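Look over the sequence and the model before reading on.

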Amino acid sequence: MPSARTFLLAIAAGGLAVGTLAWIAGEAWSGWAWSAGTAIVLTGLIVEIVTSLRRGEVGLDIVAALSMSAALAFGELLAGNIVALMYAGGQFLEGYAAGRARREMSALLGRVAREASRYVDGRLEIVPIDTILPGDRILVRQGEVVPVDGTLLSDTAILDRSALTGESLPARLQEGDEVLSGATNAGAPFDLHAVRPAAESTYANIVRLVRQAQERKAPIVRIADRYAIWFLLLTVLIAGAAWWATGDRIRALAVLVVATPCPLILALPVAIIAGMSRMAREGVLIKDGGALETLAKVKTAILDKTGTLTFGEARIITMRTVESRDANEMLRLAASLDQASGHVIAQALVKEAHHRHLPLSPPSGVREIGGTGIHGRVEGRDIAVGGSRFIRELVRDRDPYALRADLPEGSVVVAVAVDGALAGIIVLADDLRPDAAAMLEALTESGIDRIVIASGDRQDVVDAVAGQLSVAPAYGELTPEEKVEVVAQEAARAPVLMVGDGVNDAPALASAAVGVAMGARGSAASAESADVVLLVDRIDRLAVAVRAARRTRRIALESVLAGLGLSVVAMVFAAFGYLPPVAGAFLQEAIDVAVIVNALRALR
């Protein structure tokens with residue numbers, strides 16, 4: 001606890017200060033002050049050691065306890081108090097460092113909205129966000145955090161989405177645009193149509209994952225414990241040999257003093273926590289230290305296509321009309337009719353029409369033929385929207401298939417008829433993310449030597465994406481079980497990183513050495529199964545995560561190995577009588593502080 005560390009630091013510092021002043025004044029009781037400062041810190045240390053041993057953990061704190069005990073027993077009271085001060089100071093520094101490292105992740109928890117303004121019978125009512133249901137109309141005032149995911153009902157909204165996307169400038173949204181919870185309203189108040197309850201919204205999911213990450217202990221700390229055991233044995237061996245060879249117990253004490261890297265071994269978890277915090281600022285949540293260490297070792301990346309390399313939703317890439325018809329007018333009429341349909345393609349047309357600020361009219365007399373098409377009346381005109389075959393059977397003059405030449409592979413065609421005549425076709429596709437190619441290049445530069453695409457989409461669509469990105473192999477039409485098999489095959493060669501966003505990706509994410517979920521828009525199942533979650537809808541964060549993980553692991557091991565190496569050198573000098581206990585205590589603390597400061601480089 002920080003308060004206990006502060007108390008022990010104050011006791012050690014107070015004992016050293018009072019004893020030193022008494023010694024300068026020639027008072028005989030100066031040694032009692034030094035002894036008291038040492039004994040109280042030693043008592044607290046022994047309690048921690050016993051607690052750790054009961055958990056099966058052996059740490060270098062035992063060396064600190066041995067050096068303080070030997071100093072008191074051998075009458076080196078000043079040296080003992082200095083060791084106590086350095087130990088307490090190291091504990092305080094570690095607590096401060098870890099607190100700073102966690103600050104970025106903890107800041108997420110403070111942004112959670114608790115209440116919201118909901119319209120009820122034409123008036124506003126302040127309600128807990130847990131009571132908000134899909135379909136509710138919400139007012140989001142200036143400066144408020146968006147409480148739930150929804151659709152913008154007002155004409156415009158200006159949102160600060162830095163907590164979600166890392167964007168430095170506010171984003172301007174238009175009516176009908178998706179609004180994610182966790183963003184802050186940086187403009188005028190706006191109305192929101194809730195599409196998910198608060199517990200299932202984007203930000204609630206992020207907060208839940210952050211809490212899980214904070215509650216887990218980093219498995220890499222167990223590596224530090226293994227270092228601690230061998231270092232403890234080496235310390236006792238050198239101290240015992242120095243005493244046995246020279247008969248000088250002060251040399252043995254000096255060895256124990258310089259081998260007191262109490263905060264040293266804390267450099268490793270400090271680096272891990274700092275690295276996790278740094279990546280959280282970049283929109284990457286690492287659930288535990290073990291995942292970070294494994295992420296630093298992966299050599300193969302398996303990527304899902306839909307929602308990972310692509311946006312995961314159909315978007316209009318082109319419109320082709322007959323004669324002099326206006327493309328936007330064709331889209332407006334088609335989208336007006338499609339307001340009555342729940343089909344994903346119909347909703348894509350409606351969304352695009354809103355994005356282009358096209359005024360939509362209510363449809364009437366609508367009749368939909370599932371999976372084929374829909375027809376009805378808009379503004380007194382007969383409108384039909386559907387597949388090319390469906391429209392060809394309705395029109396009198398032209399064949400929609402004649403407009404389909406040279407279309408991109410994997411695209412979807414929607415034909416539109418107005419008053420019994422072909423108006424044109426609307427071509428949609430799941431666009432490749434603009435940062436996908438750069439991300440793959442960055443992955444290769446960071447040490448990933450094999451990239452594989454594994455998707456449940458049609459093989460021809462997967463091949464088209466793979467061709468654009470120059471990736472091979474590329475597997476399509478995979479079931480969730482087959483994705484797991486691909487992961488197992490690749491894992492036989494090297495540690496595997498699997499990236500996905502859908503429910504069908506969850507088994508593969510769980511089976512990979514490191515599973516990475518597109519958490520900003522992906523399914524909750526994939527986020528729960530993954531070890532790493534990209535909190536922002538940006539695939540380039542993946543390469544950032546791999547680079548940061550490797551840098552963090554390197555810094556952590558540098559800190560531990562450099563600190564232990566310097567301590568061993570200092571022990572040898574102490575064993576040969578070149579380093580007295582008091583000077584050794586100051587030297588060791590300088591080593592400890594240096595390696596902890598080095599570990600904090602992972603924050604940058």
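Which residues are buried in α17?

## Helix α17

Lys483, Val486, Val487 and Glu490 are the buried ones in α17. Buried means under 20% relative accessible area, with exposed over 50% and partly exposed in between (1.4 Å probe, protein chains only). Seen down the axis of α17, these residues fall within an arc of 100°, so they line one face of the helix. The arc is taken from the directions from the helix axis to the C-beta atoms. They pack against β11 (300-303), β18 (450-454), β19 (474-475), β20 (496-500) and α18 (506-511). Contact here means heavy atoms within 4.5 Å.

## Basis of the model

This is a predicted model: local features need pLDDT of at least 70, side-chain atom pairs count only at pLDDT 80 or more, and totals for chains, interfaces and linings use all residues. Residues are numbered from 1 along each chain as its sequence is written, and side-chain values use heavy atoms, leaving out hydrogens and water.

Helices (H or I, at least four residues) and strands (E, at least two) are DSSP runs, numbered from the N terminus.

## The open sheet

Six strands make an open, antiparallel sheet, ordered β12-β17-β16-β15-β14-β13. Strands pair if DSSP finds at least two bridges between them. β12 (315-321) and β13 (363-369) are the edges; each has a single partner strand, so one side of each lacks a neighbour in the sheet.

Five bridges join β13 to antiparallel β14 (residues 373-378). Glutamate 368 sits opposite isoleucine 374 in β14.
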